[in-house]
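This briefing looks at selected local features of one protein model. Have the sequence and the structure open while you read.

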Amino acid sequence: MGAVVESSPSASLKKALDQNNIKELLTRWAEQSFFTLFATDPSGIERVAFVQYGPDQAAIVTLDQQEAEDLVSAVAEHNPSVKPFVKTLPLWEIARLAHSDGGIVTWHQQGTVLEGRPLAALGYMALVTSEEGGDRYYKITTLPLEGEGAEDLAPGCLQHWNDEGEDADTDTLRLIYDDTVDWQGNPMLPDLPESAVPRSSLSDGERRIFDRWATPVLGRHVPLTRDQNASHQPRLSAVETMPPALLATAQQFYELLEERLFNQSSGLKLEVAPTTITPIAVDDDGNEYEKEPVGAIRFAVQYMQQSRFGAGITSLKLYEETLRVEEVERMPYRLPQAPGLHPLPDALRGLLLRHISWRLCVLSRRLEDGLFFLGGHLQDLLSAQPDNSDSRFFSDPEDERFPFLAGFRCGENLVPVLVLGMQDGSYVCRPQQDVELDEEQVASELPQREFVVVDGVMTLWDALGSIVVPPALIEYPEPWYNGVRMSLDQTVSQTIRSLALLSFASQDDDTSGPAVSENRDNASDGKLLLKWMGAAAIVFVFVMILVGY
């Protein structure tokens, strides 16, 4: 019998790739250390140094340190402005970094290339073997955090685990957290969802995987998404009682939205259409009846974009509201009234971005995985009917102080609200959280308190309706503004994915837009449900080439 010839490491990896043997990739190769090239980007962040590999940008790896040093010399000679250096990382981490930055991985001079599904599997999957010998595959993503105090946390102290097994339940996503961190006692940290799973409850094998992801060799990774040379002028100001420093996070969200989503002012349009509204009145016996129809104007903010499915433009309706003509005349800001599509006025564009920016400040502290349905979050952009006011409120897009995030003091509770503006010396506020408060918690100075306290309870709904609140009940808890949150890049990316999915899912819907209610009384119309329009998914690709080779 002849001697068994062992294949080279490169050949062994290539065989696993050719056979699409994910188990072997995860058990044999994921934690194998390789030498690879890094460089420092213009913002001072260490990143994998990509080289040109055919049409792709590739991270080069090798098991030979001398080969790696020779590569450094070759790259430096080819591009003197780049200062590459060698790092040693496990292959799973190199794969994750390359994949997240839009590249591939190639083994120097071996012809072995990691790309596509195997690259994603190495970078984002883990295999856990139970005590009974069963294998479970998990897709793992760490929640990138930023804000005051984030640097004291392990980069992967919060992880989403999704069971990729064929027999897995449909709802298998788990948020797993490091329970050695005092999440409840530190106000700068965000609240954890009730469904979050503590690390201490995991099996030994799962804890080992969690710890590997929690403290990667490279540490905290910053995605390639921000334009370091971008120069935007966020249109946000602070009211007199609000410290201007608390605007910082909302300003950064504003900049990212302009850079990545609304980077072409011509893409936002205001659709104007005449219509009628039939008011509802109540007679002396308490019976409702319809009055004569009155003239009205429907306003809709449309996001126009090039279709991915062929020539032409598709639209995504971000907001819609119908106002009586006499209400439009009473608004502090003059809106176009001629039927048709108009460029979105600059002041109204600023108001739209401020609304979204402050809403994302709220959502980024919630650590819940899900879609950011902006349609429901953009109620009351132009006007609102507070539940405890006889007068309708109208926004002033030119007043850059509004909206803003604040806390509404209710006894021991502080309810997050978006302050839309002022009415008769009080703030008009839209709740940002579902709450039920006993009557004793509701301040006696709340205007028309009897209209919001029903059967001894005040119920507020997240992003629905509005109430009038005296300035004395408004506070500014610093953790809400500067505390730890899901990174701004991740939050905006999730928003973009939400818009893309909603746009794609509604491509067969009636493009004439949401039906406008033909009846309206004095109840808050913040509960009007919007329907998303459009056919094109939004795709953003961010690639940075640090070196050429």
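Glu475 is partly exposed, with a relative accessible area of 28%. Here buried means under 20% relative accessible area, exposed means over 50%, and partly exposed is in between (1.4 Å probe, protein chains only). The model is predicted: local features need pLDDT of at least 70, side-chain atom pairs count only at pLDDT 80 or more, and totals for chains, interfaces and linings use all residues. Residues are numbered from 1 along each chain as its sequence is written, and side-chain values use heavy atoms, with hydrogens and water left out.

**Salt bridges**

- Side chains of opposite charge can pair when their charged atoms come close.
- A salt bridge is a side-chain nitrogen of Lys or Arg within 4 Å of a carboxyl oxygen of Asp or Glu; by this rule the count is 27.
- Glu475 forms a salt bridge with Arg409, at 2.9 Å from N to O.
- Arg409 lies in strand β21 and Glu475 in strand β28 (residues 474–475), so this bridge ties together parts that are 66 residues apart in sequence.
- Helices (H or I, at least four residues) and strands (E, at least two) are DSSP runs, numbered from the N terminus.
- Arg409 is partly exposed, with a relative accessible area of 25%.
- Arg359 and Asp462 also meet in a salt bridge, at 3.0 Å from N to O.
- That pair links distant parts of the chain: Arg359 is in helix α9 (residues 346–363) and Asp462 is in the loop between β26 and β27, 103 residues apart.
- Both Arg359 and Asp462 are buried.
- Salt bridges also link Glu271, Arg298, Lys317 and Glu320 in a network.

**Aromatic pairs**

- A pair of aromatic rings is described by the distance of the centres and the angle of the planes.
- Rings of Phe, Tyr and Trp (its six-membered ring) pair if their centres lie within 6.5 Å; planes under 30 degrees apart count as stacked, over 60 as edge-to-face and the rest as tilted.
- The structure holds twelve aromatic pairs.
- One of them is Phe404 with Tyr427, an edge-to-face pair with 5.8 Å centre to centre and 90° between the planes.
- Phe404 is in strand β21 and Tyr427 in strand β23, so the pair ties together parts that are 23 residues apart in sequence.
- Phe404 and Tyr427 are both buried.
- Phe402, Phe404, Tyr427 and Tyr476 are linked into a cluster by ring pairs.

**Backbone features**

- Most residues other than glycine have a negative phi, and most peptide bonds are trans.
- The peptide bond that joins Phe402 and Pro403 is cis, with omega about -5°.
- Pro403 is in the loop between β20 (393–394) and β21 (404–410).
- Asp424 has a positive phi, near 55°, and is located in the loop between β22 (413–423) and β23 (426–431).
- Asp424 counts as exposed, at 74% relative accessibility.
- Ala463 has a positive phi too, near 65°, and is found in the loop between β26 (457–460) and β27 (467–469).
- Ala463 counts as buried, at 2% relative accessibility.

**Surface charge**

- Glu148, Glu151, Asp152 and Glu478 gather in a patch of negative charge on the surface.
- Patches are made of residues with over 30% relative accessible area and no salt bridge: like charges are joined within 9 Å, nonpolar side chains (Val, Leu, Ile, Met, Phe, Trp, Tyr) within 5 Å.
- Glu478 is in helix α11 (residues 478–482) and is partly exposed, with a relative accessible area of 38%.

Terms used:
Areas by Shrake-Rupley, 256 points an atom, 1.4 Å probe, with all protein chains shown as cover. Lys, Arg positive; Asp, Glu negative; His and termini not counted. Charge placed at Lys NZ, Arg CZ, Asp CG, Glu CD.
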